[in-house]
Amino acid sequence: MIFEAVRKLALPFAEIEKYVPQRGKILDVGCGHGIFSEMLAQKSPTREVLGIDPAINKIRLAQAHRAGLPNLKFKHAYLPEINSKFDCIIIIDVLYLLPIKKKVEILTNCKKLLKKNGILILKEVEKTGSLMFFITKLEEIIMVQLLKYTYSDKGNLYFVNTAYYLKLLRKLGFKKVKSRQIRAIIPYPHMLFVFRA
Ligand SMILES: C[S@@+](CC[C@H](N)C(=O)[O-])C[C@H]1O[C@@H](n2cnc3c(N)ncnc32)[C@H](O)[C@@H]1O
């Protein structure tokens with residue numbers, strides 16, 4: 001798929017994968033087509049990976065194209081519909097689609113669903129004054145609002161800066177392991193947050 005190839009050039013998935021535990025239950029929230037969920041399951045058979053997304057078309061594609069690994073499942077669901085505990089929860093490029101109240105709700109939910117000392121991995125595009133941020137925003141306006149290719153409840157974009165996430169995660173009781181910029185071939189301003197519950 002062309003989309004998948006472009007996504008892999010845009011995002012250093014391998015860099016994020018390093019922070020995911022090698023074993024245990026892993027939840028990928030807003031997994032989209034399941035690119036990262038599949039990578040996690042392929043890299044370690046002792047990971048039990050569940051990818052969820054509210055976009056039924058994406059989940060159907062993920063189920064059709066990424067079936068076969070015994071440690072990988074996809075489900076059409078929002079986070080509040082999930083009620084088991086996880087060793088690691090991943091949210092990649094989802095929160096920019098949600099207003100502040102929803103960001104707080106989803107992260108609060110993650111805290112509840114993580115086991116003690118479980119890992120939260122959050123990746124978002126950093127809101128800055130840079131040209132690259134402007135280009136990213138423009139692309140998202142096209143994908144979310146014009147083409148409606150990326151599903152969003154509200155159809156709006158809610159980028160926030162790094163300081164906002166650091167403050168919110170601490171306020172919700174998460175403990176910082178790492179927060180840093182990561183880079184792919186296409187130089188989007190990616191910000192990675194690794195926190196413990
Ligand atoms: C830019 S895509 C990222 C997909 C995937 N995480 C990746 O990195 O390739 C954003 C995803 O968030 C999903 N999404 C939108 N609203 C959501 C919500 N309220 N909760 C969870 N996922 C949501 C969309 O359906 C879409 O698949």
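**View 1. R7 and K58 at the ligand in the predicted model.** A polar side-chain atom of R7 sits 2.8 Å from a ligand oxygen atom. K58 also places a polar side-chain atom by an oxygen atom of the ligand, here at 3.4 Å.

**View 2. I92 and the ligand.**

**View 3. Residues around the ligand.** The ligand has 17 residues around it. Those that come nearest are R7, G30, D53, I92 and Y151.

**View 4. Crossing of helices α5 and α7.** Helix α5 spans residues 100-113, and helix α7 spans residues 162-171. Their axes come within 11 Å and cross at roughly 45 degrees. The angle therefore makes α5 oblique to α7. The crossing is right-handed.

**View 5. Contact residues of α5 and α7.** From α5, the residues are I100, K103, V104 and L107. They meet Y164, Y165, L168 and L169 of α7. Seven of the contact residues are nonpolar, one is charged and none is polar.

Key
Residues are numbered from 1 along each chain as its sequence is written. This is a predicted model: local features need pLDDT of at least 70, side-chain atom pairs count only at pLDDT 80 or more; totals for chains, interfaces and linings use all residues. Side-chain values use heavy atoms; hydrogens and water are left out. Axes are lines fitted to C-alpha atoms, for helices over the stretch in contact, and angles run from 0 to 180 degrees between N-to-C directions. Helices (H or I, at least four residues) and strands (E, at least two) are DSSP runs, numbered from the N terminus. Angles under 35 degrees count as roughly parallel, over 145 as roughly antiparallel, 65 to 115 as roughly perpendicular and the rest as oblique. A crossing is left-handed if the near helix is turned anticlockwise from the far one by less than a right angle, and right-handed if clockwise. Contact means heavy atoms within 4.5 Å. Ala, Val, Leu, Ile, Met, Phe, Trp, Tyr, Cys and Pro count as nonpolar, Asp, Glu, Lys and Arg as charged, and the others, Gly among them, as polar. A residue is near a molecule or strand if one of its heavy atoms lies within 4 Å of it. A polar contact is a pair of N or O atoms within 3.5 Å; within protein, one must be able to donate a hydrogen and the other to accept it, and residues adjacent in sequence count only if both atoms are side-chain atoms.
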